[in-house]
Amino acid sequence: MDSQGGPYLNKRAVCSPLGAARLCQLALGCAVVAMVTHSAGYSGSYGVFCMAVWALCFAVSVLVFFLDATRLYSCLPVSWDNLTVTFAALATLMYVTASVVYPLYFVRSECPYAGCDVRNFRIAVTVCSIAATLAYGAEVVLCRARPGQTVVGYMATASGLLKVVQGFVACVIFGALANGSEYSRQAATIYCVVVYAVCFALTTLVVILTVCGRTKAVRCMPFERFVVVYTLLAVLLYLSASVVWPVFCFDSKYGSPWRPSSCPRGKCPWDSKVVVAVFSFVNLGLYIADLIYSQRIRFVSSHLPGHPRV
């Protein structure tokens, strides 16, 4: 018992829907890592990526569960609620990616040269990875703030969760840009890259300030207003990039509207340009939705006396 007469361990870390979701994350994450290292295997850049996702998410999940169960998170200079929901949202996105990439490159209907056991293990890895995705998604749903309920942190709101998705989509764009997109050939496409980088940096800054509980660091205006102003700027910037990038990549005057027949699969600049164009429109839609939801953050939190604003 502690000095206030309460238990040392936090029973809600286990005996609650949120605790059950985290236990499922631990069990499924451990199963995935064990099966991959035991027999399923991984190779190449895509396999290393999937293994890194599973191992990293499992390690952080263990740390989150331990700190929550022992209440040691109170010793950390962070906003715990914001940190955990941010990680859960990011882990959901990363697990979704790994759950698509791994079976795409490693699961085949026929048995590989190593035998059918390897194929069966890889199928089991895929199933457990999908189940873990649902477990992380369940945590996001359980922690998500709803109208009329207590807002535990900005990252639990729709606007905060959208910022995690925006940052993840930006990482996909950067990956496509680095995969031989030839963006440096035109000044206009370089401008688009600057837009992606600036918006990603500002989004990351907002998330870091929120997780670290340093929202008052923005002294020129209230944090809620800063978020709305920055989101409007991001909408305008992404709108311009979403127009400029397709014009200077797929117009016959500057590029090719059709995929060249001689372009190798997996290393074709045209494919990378398409990925950038598609996800530019995706992020534009996310920022527009974020701008709409950002208008309601102050209204929700202002009716909650006793809870600090974030």
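Reader: In which helix does Val-194 lie?

Author: Helices are DSSP runs of H or I with at least four residues, numbered from the N terminus. Val-194 belongs to helix H6, residues 187–211. This is a predicted model, where local features need pLDDT of at least 70, side-chain atom pairs count only at pLDDT 80 or more, and totals for chains, interfaces and linings use all residues. Residues are numbered from 1 along each chain as its sequence is written, and side-chain values use heavy atoms, leaving out hydrogens and water.

Reader: Is Val-194 buried, exposed or partly exposed?

Author: Buried means under 20% relative accessible area, exposed means over 50%, and partly exposed is in between (1.4 Å probe, protein chains only). Val-194 has 44%, so Val-194 is partly exposed.

Reader: Which rings form a stacked pair?

Author: Rings of Phe, Tyr and Trp (its six-membered ring) pair if their centres lie within 6.5 Å; planes under 30 degrees apart are stacked, over 60 edge-to-face, and the rest tilted. The structure holds 10 aromatic pairs. One of them is the stacked pair of Tyr-73 and Trp-80, at 4.9 Å centre to centre and 15 degrees between the planes. Tyr-73 is partly exposed at 25%, whereas Trp-80 is buried at 9%.

Reader: Why do Tyr-102 and Phe-106 count as stacked?

Author: Their ring centres are 4.9 Å apart and their planes lie at 20 degrees, so the pair is stacked. Both residues sit in helix H3 (residues 80–106), 4 residues apart, about one turn of the helix. Tyr-102 is buried at 1% relative accessible area, and Phe-106 is buried at 9%. Ring pairs also link Trp-54 with Tyr-102 and Phe-106 in a cluster.

Definitions and conventions
Helices (H or I, at least four residues) and strands (E, at least two) are DSSP runs, numbered from the N terminus.
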